[in-house]
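This report describes a protein structure with two chains in contact. The sequence and structure are shown here.

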Number of protein chains: 2
Amino acid sequence: MVSEQVYWLWYPGDFEIHQGMLQNFTREERGFDWPAYWYMDDCHRNVSFKKTYELTAPTTFKVHAKGQGYVLVNEHKAPFETEITLQPGTTTIEVFVGHPSGLPCVYIDSDVIKTTADWQASNFLETHPVGFSARYTQLLQDPNQVYYQHQQYQPAVVEVVNGGVLYDFKRAINGVVQVRLTDIAAVTLCYGESKTEALDVEMCYYKQEAVTETTPVRKRAFRYLFVPNVMPEQVAITADHEYFAYPKRAQFNSDDQLMNRIWQVSETTFKLCSNLFFTDGIKRDRWIWSGDAYQCYLINQYLMFDEDINRRTLLALRGQNDLKQHLNTIVDYSLLWLIGVENHYIMSADRDFVASIYGKMESMMGLFETQIDQNGFVYGREKDWIFIDWSEFDHQGPLGAEQILLWKAYEAMIICGEAIGVDVSAYRARQATLKTAIMHYFWSDKQHAFIDSYESGREHVTRHVNIFAILFDFVDVKTQRQLAKTVLLNDAITQITTPYFKFFEADALCKVGFLDQVYGIIRDYWGGMLEHDAVTFWEEYNPADQGAEHYAMYGDPYGKSLCHAWGASPIYLLGRYFMGLRPTKPGYATFELAPQLDYFKQLDCHLPVKDGEVQLKVANGQLTVSANRDGGTIILNGQATQMKQNEVYQFDLKANA
Amino acid sequence: MVSEQVYWLWYPGDFEIHQGMLQNFTREERGFDWPAYWYMDDCHRNVSFKKTYELTAPTTFKVHAKGQGYVLVNEHKAPFETEITLQPGTTTIEVFVGHPSGLPCVYIDSDVIKTTADWQASNFLETHPVGFSARYTQLLQDPNQVYYQHQQYQPAVVEVVNGGVLYDFKRAINGVVQVRLTDIAAVTLCYGESKTEALDVEMCYYKQEAVTETTPVRKRAFRYLFVPNVMPEQVAITADHEYFAYPKRAQFNSDDQLMNRIWQVSETTFKLCSNLFFTDGIKRDRWIWSGDAYQCYLINQYLMFDEDINRRTLLALRGQNDLKQHLNTIVDYSLLWLIGVENHYIMSADRDFVASIYGKMESMMGLFETQIDQNGFVYGREKDWIFIDWSEFDHQGPLGAEQILLWKAYEAMIICGEAIGVDVSAYRARQATLKTAIMHYFWSDKQHAFIDSYESGREHVTRHVNIFAILFDFVDVKTQRQLAKTVLLNDAITQITTPYFKFFEADALCKVGFLDQVYGIIRDYWGGMLEHDAVTFWEEYNPADQGAEHYAMYGDPYGKSLCHAWGASPIYLLGRYFMGLRPTKPGYATFELAPQLDYFKQLDCHLPVKDGEVQLKVANGQLTVSANRDGGTIILNGQATQMKQNEVYQFDLKANA
């Protein structure tokens with residue numbers, strides 16, 4: 001039974017690739033545009049769409065398209081936007097659309113002929129099921145446009161300072177400023193995520209001069225606005241905030257008010273960075289980074305559970321069939337993309353998506369085959385960026401962390417391949433060979449840990465490879481716990497300095513049971529930002545920084561993004577480990593709730609699962625758990641309780657303590 | 001010594017690929033657009049440009065670009081359109097330009113910093129010398145636009161007919177119609193290359209209704225316009241003809257008035273089809289076809305000698321690095337593209353161009369490698385079109401004509417590769433093996449000719465394979481002449497029916513010396529079209545057709561193009577064989593003039609050579625020959641005379657007769 005829902009149709013992936021390119025062109029800094037510094041794919045320019053109908057009665061239809069072309073019906077050509085009459089019988093409708101500058105797409109909503117999801121699209125090389133989106137179902141829409149929700153905001157605080165006026169919206173805005181001016185023709189707008197930045201007329205990231213009431217003002221992200229050389233009565237400011245209204249699928253309330261606030265600000269931060277795609281930050285870079293996106297898939301699963309944004313981001317990152325370079329030029333980001341597809345499949349059980357993208361996973365594996373040595377290790381080539389993290393690695397020869405990711409990427413090929421019934425034996429064989437080689441070359445018996453790299457003979461231990469070994473179950477649970485002690489909880493090993501990798505470290509610590517430590521880290525690190533009046537979580541936070549030092553990064557006084565997606569990681573850590581929720585079969589056909597709730601006397605937490613939600617409540621020493629779908633198992637103190645849809649399960653926490 | 005000429009710069013090939021795509025989107029038919037039916041490449045969206053200067057004094061510069069981005073100077077970023085000051089020393093300037101919908105390009109014309117032809121461009125994968133064009137040297141230009149010459153035309157004849165008015169411009173127009181209306185709000189425009197078509201209000205190819213004085217009217221090709229339901233005094237028509245003003249490099253005047261007229265109409269036809277690219281026709285298809293273009297390279301060499309249009313057409317046809325399908329989906333068109341590059345090199349000696357395109361020649365050879373059998377024969381795959389010609393071939397197994405083209409394409413790889421100093425031994429080996437296999441499988445001793453194909457055992461002989469064997473010197477001169485007699489001049493062998501292949505046949509007949517036959521064909525076939533009041537030469541002409549039958553093709557009453565580039569082939573045949581001009585070394589470093597002038601009592605012919613021209617005059621039984629460059633050799637009656645620049649050589653034709 002095919003849905004009758006009518007969509008705008010495009011060649012699969014093209015909408016995401018085209019809009020992703022536009023997204024990667026939105027970065028702005030001090031008066032210039034900063035396109036992302038990698039090869040950029042665009043959508044196809046010339047495509048066709050096709051469906052065959054068995055008509056039992058005469059019918060008419062009309063084709064609407066973005067682009068130029070014609071309709072071919074049983075060998076007869078006809079223009080768009082004109083009524084075409086069909087007679088009963090087998091009728092194949094083909095629509096040819098070229099778009100010299102944008103996304104070619106088609107829309108038909110007639111009595112019988114409709115652009116439903118079961119059409120096929122061709123780029124004149126291959127034919128596949130069409131691409132479409134639930135966001136584009138109306139004739140008056142144009143998939144070349146992105147439609148945001150709008151909310152008008154006035155400044156919350158207006159302050160006369162430095163001969164001008166400082167406006168504090170008391171929240172992050174991502175939108176367009178409108179000015180109303182009295183007795184003054186034009187003003188200068190200085191933006192800031194921080195007050196310090198907005199007041200720095202010379203160096204603030206965004207500034208627009210000679211702004212009148214009718215000047216087009218660019219969409220920007222900020223909390224503060226400073227207008228120099230004016231009096232408050234001369235200027236009235238409104239901000240038109242643009243956002244995607246993702247439905248609320250999770251909530252967290254506890255007696256730990258700081259943790260509640262951390263959840264709320266995490267949620268705010270994450271939703272600001274979640275528009276058509278997951279971007280790293282709203283002020284900067286506004287680019288789609290595969291490493292950042294990978295962490296977003298994890299957070300999304302515990303907050304919005306929006307499958308569409310995952311799919312859009314994965315498709316935009318990967319681009320067209322021919323893979324020309326690693327995602328964002330970074331080898332490990334390509335691997336995280338593969339692992340991200342697996343995570344999305346486990347979260348969603350979306351076999352259709354896996355089937356549509358598996359060819360692009362395989363061609364990515366094809367790229368890796370060109371840079372694998374005799375041991376099966378991936379190595380960097382000229383122009384490849386072996387990133388992992390900003391840290392001091394022993395970069396002589398292949399890096400251990402990269403090999404664990406490759407091993408896990410083979411796992412992704414196996415799990416996704418099996419989901420759609422393709423032969424994965426080659427990946428199984430490579431994975432087994434790679435494991436043996438990693439253990440031979442990267443495991444140090446002396447250090448009871450994995451080393452960075454082996455060619456130098458220095459046996460240098462950093463956290464990264466060991467974190468991945470824990471996270472991706474490269475070693476057994478006992479070894480994982482031992483690695484956490486010998487490496488992660490060992491102050492002699494260089495600390496992780498980036499929030500990007502601190503996410504992975506906290507994930508690993510929680511995974512092997514060190515929840516106390518992580519609970520403390522969340523309160524200290526994220527709580528510390530709140531003490532600095534954060535309304536969103538930052539790209540990085542160093543408690544030792546003073547004053548304006550907090551806003552500097554990459555050698556730029558305001559280089560730091562103060563609303564950065566990965567700042568929202570407490571949501572994932574709380575949901576995944578403290579609430580203990582995880583799918584044990586794809587799409588939560590079965591799932592586990594293994595809560596660790598010693599930290600809460602009072603709690604009311606709702607978390608999404610596929611097609612439903614779970615609730616955990618703590619009050620008066622009692623834990624109450626329920627789910628509005630079948631498949632759950634509560635695990636408490638080693639005891640498993642099967643859950644039924646909508647039944648409420650109650651446990652005495654004190655008895656369990 | 002680098003030229004100081006300033007250009008708009010782009011990534012090499014991008015201008016041609018982008019404009020070629022737009023060209024292939026210009027086809028219109030009966031109210032709808034008809035995009036070409038193949039995979040279409042576009043230009044890169046994101047590129048960078050770079051040059052390093054050794055500055056001896058401070059200087060300033062300003063960057064102009066189409067697209068968005070920034071300038072990077074010694075690690076410092078700056079916006080476009082602002083003055084940047086440089087200090088003495090080594091200075092690397094990088095310009096990053098993204099263009100989400102068009103061609104990214106850059107222009108600088110400051111004191112020292114200028115976008116000269118010696119910059120490098122990168123697509124973030126590869127770095128190459130920039131692309132540029134002598135047509136885009138001014139700041140106020142935009143390489144996203146094509147700039148035509150304009151000429152206004154009024155109708156030459158106005159006729160009241162069928163209740164409306166028929167306008168005859170007495171020439172082909174390719175442009176936009178403007179109407180001035182009196183006592184009428186709007187009119188319908190019906191276009192025709194023929195009177196019959198214009199008067200056919202229902203079926204004419206182009207028609208636009210409700211045209212007012214301000215309605216945008218689309219650019220169309222026509223000679224006649226019919227405006228139904230008006231009186232002559234109600235409508236005034238002007239046509240704004242758009243064209244490329246290629247300089248006049250050739251002329252032909254003789255005592256054969258018909259031949260003079262054929263040359264003139266050929267020239268008109270060819271120049272109408274020569275705009276930014278060689279297209280097949282101006283009414284239809286307006287697409288860039290590799291087979292048609294190949295014949296245009298030959299005609300161009302004897303008429304306009306414009307190297308730029310060759311290069312632009314070759315680049316547009318080939319597209320980006322990754323070759324996704326055969327050119328225009330046709331296997332032999334890919335081979336003719338390779339052979340066309342060789343022809344361009346021999347004509348121009350442009351090693352820079354060969355160096356820039358050789359990688360794309362090699363990747364095209366890579367595509368052939370995927371469809372070559374154990375004998376070295378190319379075979380068609382699913383979705384490949386083995387065209388050769390519209391004719392009855394024995395299509396069982398590999399086609400002989402295709403193998404001769406492949407053999408010649410190896411020659412192109414060898415000649416072009418040697419020109420730029422790359423190792424071509426692999427192509428030599430493949431060429432030799434292929435020759436042996438062709439002789440073994442396709443040569444019929446019984447028929448003294450090459451056969452279509454061998455798998456069926458039918459030993460079917462058509463002209464095509466034998467024509468290519470003559471044209472490309474696959475067999476020795478004696479065998480060529482024998483093939484002409486046993487096949488080409490043999491009425492028992494099915495005649496060629498398309499003008500496309502008639503061109504190759506006439507070329508082959510001339511090559512082996514049957515000029516009388518070809519001279520007669522030119523007068524009959526092209527002269528026949530002139531008798532039908534042709535102002536341009538047609539896609540096809542069948543003397544047996546009656547009335548409106550002349551305008552029908554492809555099952556469409558007006559499907560025939562009446563201004564078709566290959567219709568201009570008499571120019572090539574006259575120049576190449578009757579004047580006997582050909583380069584014997586690349587770029588006419590040496591060239592040959594072997595005139596066959598028995599057909600003319602009076603003649604004044606100028607033909608272009610690289611960096612010059614040759615003149616041939618016949619009067620009073622005397623032939624006078626000169627060239628304004630060195631390198632020529634006159635061959636007359638087996639006697640060779642070396643020519644010096646600007647010296648005049650005189651021969652007694654009667655004595656030679």
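The text below covers the interface of chain B and chain A, then the domains of chain A.

The model is predicted. The size of an interface is often given as the accessible area lost when the parts come together. Between chain B and chain A this buried area is about 3,200 Å², and carbon and sulfur atoms give 61% of that area. Of the area that chain B buries against chain A, B:Phe25, B:Phe32 and B:Leu125 supply 18%, more than any other three residues. The contact takes 37 residues from chain B and 37 residues from chain A.

Polar interactions also cross the interface. The rule finds four salt bridges between the two chains. One of them joins B:Asp42 and A:Arg45, with the closest N and O atoms 3.1 Å apart. Counting residues at pLDDT 80 or more, 13 residue pairs of chain B and chain A are in polar contact.

On the side of chain B that touches chain A, the elements giving two or more residues are α1 (14–23), β2 (32–33), β6 (68–73) and β7 (76–78) of chain B. By residue class, this side of chain B has 17 nonpolar, 11 polar and nine charged residues.

| Domain of chain A | Residues |
|---|---|
| domain 1 | 14–129 |
| domain 2 | 149–243 |
| domain 3 | 584–656 |

Taken over C-alpha atoms, the centres of domain 2 and domain 3 of chain A are 47 Å apart.

Notes: Residues numbered from 1 in each chain as written. Chains lettered and ligands numbered in written order. Predicted model: local features only at pLDDT ≥ 70, side-chain atom pairs only at ≥ 80, totals over all residues. Heavy atoms only, no water. Contact = heavy atoms within 4.5 Å. Buried area = accessible area lost by both parts, 1.4 Å probe. Salt bridge = Lys/Arg side-chain N within 4 Å of Asp/Glu carboxyl O. Polar contact = N/O pair within 3.5 Å; in protein donor to acceptor, adjacent residues only side chain to side chain. Helix = DSSP H or I, 4+ residues; strand = E, 2+ residues; numbered from the N terminus. Nonpolar A, V, L, I, M, F, W, Y, C, P; charged D, E, K, R; others polar. Domains from an automatic or database assignment.
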